[in-house]
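The sequence and the model come next.

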Amino acid sequence: MQMRGSEVFQLVRDKIIYLELAPGSVIHEAQLVEQLHVSRTPVREALIRLGEEMLVQTYPQRGTYVTKIDMDYVRQLMTMRNILETEILSELSRQRPALKEEFAPHMFMLDRAIQGRDIIAYLKADAAFHSQLFRMAGYPLIWERLRRSLSTRYRLLDLLSGDEELYRVYGEHEQILRCIEQGDAAGVREALAIHNDPGAIRQQELMRRYPDYFVTSEAPGINA
């Protein structure tokens with residue numbers, strides 16, 4: 001049974017955001033058709049949708065390429081996320097909900113991903129953690145819209161820095177939960193400001209380490 005267009009889109013999108021298809025790499029439509037055992041139509045439709053998300057770009061006479069990571073775009077995305085998440089979770093903190101039991105499975109999945117050094121599993125567990133917070137606050141649709149614009153490729157590269165970075169971010173999740181439970185809206189704002197900040201020093205280090213993955217004046221591209 002041939003995959004539906006939406007399934008092809010999600011598979012190709014995952015290949016991009018989890019760096020199986022590297023930033024700047026060419027996308028061969030014929031190869032995708034062969035790999036996914038589908039006709040050209042769902043692949044072309046998927047590439048159109050990915051273009052709308054600015055994850056691929058097609059150049060006439062040259063082909064279709066995975067867009068490179070634009071750090072200015074990443075910063076703007078994270079600022080947008082931080083504004084919305086801070087407002088929503090500050091509001092949630094005023095309810096002082098009990099979160100320890102509710103989020104025990106999420107923290108377990110984050111810890112298991114660290115123990116297995118599985119960055120992709122960690123990113124998925126991280127998304128599930130924040131999704132649950134938005135649901136509890138009554139704003140699942142906002143998270144779903146944010147999720148589509150998250151700087152996943154940048155975060156994946158950042159977390160590849162090592163276990164220390166993974167544990168640091170794990171601790172930030174614990175702090176966010178603590179502040180919400182305690183009704184500490186100021187603490188929520190402070191914790192999220194750290195959690196959602198790409199960090200200039202880390203940005204520079206990642207751009208130095210993966211120069212071919214990032215936008216330069218000679219290599220246009222966009223999206224995270």
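Is Tyr 213 buried, partly exposed or exposed? I looked up Tyr 213 and found 22% relative accessibility, so Tyr 213 counts as partly exposed (buried is under 20% relative accessible area, exposed over 50%, partly exposed in between, with a 1.4 Å probe and protein chains only).

I note that this is a predicted model, in which local features need pLDDT of at least 70, side-chain atom pairs count only at pLDDT 80 or more, and totals for chains, interfaces and linings use all residues. Residues are numbered from 1 along each chain as its sequence is written, and side-chain values use heavy atoms, without hydrogens and water.

Aromatic pairs. I found 4 aromatic pairs in the structure (ring centres of Phe, Tyr and the six-membered ring of Trp within 6.5 Å; planes under 30 degrees apart are stacked, over 60 edge-to-face, the rest tilted). Phe 134 and Trp 143 form a tilted pair, 5.2 Å centre to centre with 50 degrees between the planes. I recorded both Phe 134 and Trp 143 as buried. Tyr 210 and Tyr 213 are stacked, because their ring centres are 5.6 Å apart and their planes at 10 degrees.

Charges over rings. I looked for NZ of Lys or CZ of Arg within 6 Å of a ring centre and within 35 degrees of the ring normal. Arg 49 lies over the face of Phe 9, 3.7 Å from the ring centre. The charged end of Arg 62 sits over the ring of Tyr 59, at 4.4 Å from its centre.
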